[in-house]
Amino acid sequence: MVDNKNGTLRSSTPSAQISLKGVTKSFLKGSGRVEAVSNCTLDIAENEFLVIVGPTGSGKSTLLKMIAGFETPSSGEILVGGKPVMGPGVDRGMIFQEYALLPWRTVLQNVELGLEFQLGKRTPQIRERAMKYIDMVGLTYAVNKYPVELSGGMKRRASLAMILVTKPRILLMDGPFNALDSKTKLTLHSEITRIWEQEHNTIIFVTSELDEAVKLSDRIVVMNKAGRISKVFANNLPRPRFGKAALEPAFHHRFIELREAVMDEVKAGAGKVNCAADF
Amino acid sequence: MGSPEPKKTSGVGKGVSFVSERLFYVLGIVLFLLAWQTASWMKVFGENFSDAFSPLAALLALIEMGKNGDIVHHALPSLRRVLISLSLAVVVALPVGVLVGYFKRLEQLTYVPFQFMRMISPLAWMPIAIIIFGVGDLSVTFLLWLVAIWPLILNTVHGAGRVSPLWLNMAKTMGAKDRGILTKIIIPAAIPDMLTGLRLAVGVSWIILVPAEMLGVPDGLGYFILDTRDRFRYDELMATIFIIGLIGYLLDSANRWLISRFAWKI
């Protein structure tokens, strides 16, 4: 396992698709400033599956929003493909914690939306491509349903297809499977892994669930209460990590071992670590 | 997923409830006519004229007016005035509403003037309308426009303001331009509220139409009310009132249909 104190990693390599350089985001709160994200430096490689974990209020979502371009860092720099992030872009697809489906469009029409934006009009090709991605997330049977008719899991799948169809090189996922039942979650875990292997995109995935983190990631970044990267774990568990493979004792043992190590780090960072800025 | 479906009521029970649902609507109409007829019998409308005010007299007058063309001659100009003023109100109110709803500063800027203006009966503007447009169609259309525009604007503002920032962020990550955001996110998002605004606008336009048509136009249902009064034809007066109510009801039904057809639900 590679441990990196204070989130400082080896200097940026040419293959790195995303570089965070001393990224800090502070907000005015009362009489002082609070740093939601503090001096984060990290390189994320192309086609990497990076999972960010940490206690609530550790700045995970804020960091993701800055990479998406919805928020700008107070200091530091975010580079995507060597260029600084200047706002939202088609190269970075964001899947939100809440559902962003448009209630007046069916599943199919929702998935077509991004392509309509990009091509300016509806064409038969759009429908075809949308259907392909709807099939990929297993919603073919519900293409003509409206969001109000969908269950939580179906909405997640639809949101996923809606973003995937635009073929973003980078997928930013903010707790996308929160509050789903475990069966649906399990299905979506293998779906997202399969899609990632098929489409070769880079995924940054924020969650507070460690099982999920260990199951999905190439690396796990732990953030603490102070908004700092406290540790980066490399996850060398062999893939596939679902079904039969997960039942082997050796795999299971390593799985638990990594999860416990991450858990300890998260717990250590959940206490009163460098909270001076708060008060 | 997989939650059990609610038990379906049996076919017979459904049939009965279908009939009883309709039955009470019909019963309401019958009771309404009965109350009207009773009022006429009890001479509520005065010793001399109560017979002329009865539903039966109104029905006979209605048939006569249908035959001699009075209904068409007066209902068409009324409908024309309302529809023209409504169209003009929609053309102005929807863009204004979308802009004001979308830009917070614009909403703050217009809030007090709009809320202030909407509480003024358009009939209060009548003298000014006549100075500007003269007596006639143009003044009536202007007054109707003035009454229709506020519910349309304010509801559209509400609708456009309801656009979730999430949708806008998502659209931006999908590469949407301003035009796409407007036509594919903001306008569709505001449609249910626009339709509610339209329904309110139609309702108040139709109500204001009658007094507005008493201001010197040579035709229209409002004009005809005064005309029947001057000719002491109270049966025709009641028939005209009935037509005003009927057309208003049909216009509102059309709006409800539009809402059920085009308003998305959350």
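## Exercises on a two-chain model

In this predicted model, the contact between the chains draws 22 residues from chain A and 17 residues from chain B.

**Exercise 1.** Find which helix of chain B gives the most residues to the side that touches chain A.

*Solution.* Start with the helices that each supply at least two residues to this side of chain B: they are α7 (165-173) and α8 (178-212). Next, look at the top contributor: α7(B) gives the most, with 7 residues. Finally, sort this side of chain B by class, and you get 10 nonpolar, 4 polar and 3 charged residues.

**Exercise 2.** Work out whether the radius of gyration of chain A agrees with that of a compact globule.

*Solution.* Take the chain length, 279 residues, for which a compact globule would have a radius near 19 Å. Then compare: chain A has 19 Å, so the two agree.

**Exercise 3.** Decide whether Asn39(A) and Asn47(A) are buried, partly exposed or exposed.

*Solution.* Recall the cut-offs: buried needs 20 or more other C-beta atoms within 10 Å, and exposed needs 12 or fewer. Asn39(A), in strand β2 (residues 32-45), has 19 such neighbours, so it counts as partly exposed. Asn47(A), in the loop between β2 and β3 (49-53), has 16 and is therefore partly exposed. Now check the backbone: phi is positive at Asn39(A), about 45°, and at Asn47(A), about 65°. Most residues other than glycine have a negative phi.

Key
Residues numbered from 1 in each chain as written. Chains lettered and ligands numbered in written order. Predicted model: local features only at pLDDT ≥ 70, side-chain atom pairs only at ≥ 80, totals over all residues. Rg over C-alpha atoms; globule rule 2.2 N^0.38 Å. Contact = placed C-beta atoms within 7 Å. Helix = DSSP H or I, 4+ residues; strand = E, 2+ residues; numbered from the N terminus. Nonpolar A, V, L, I, M, F, W, Y, C, P; charged D, E, K, R; others polar.
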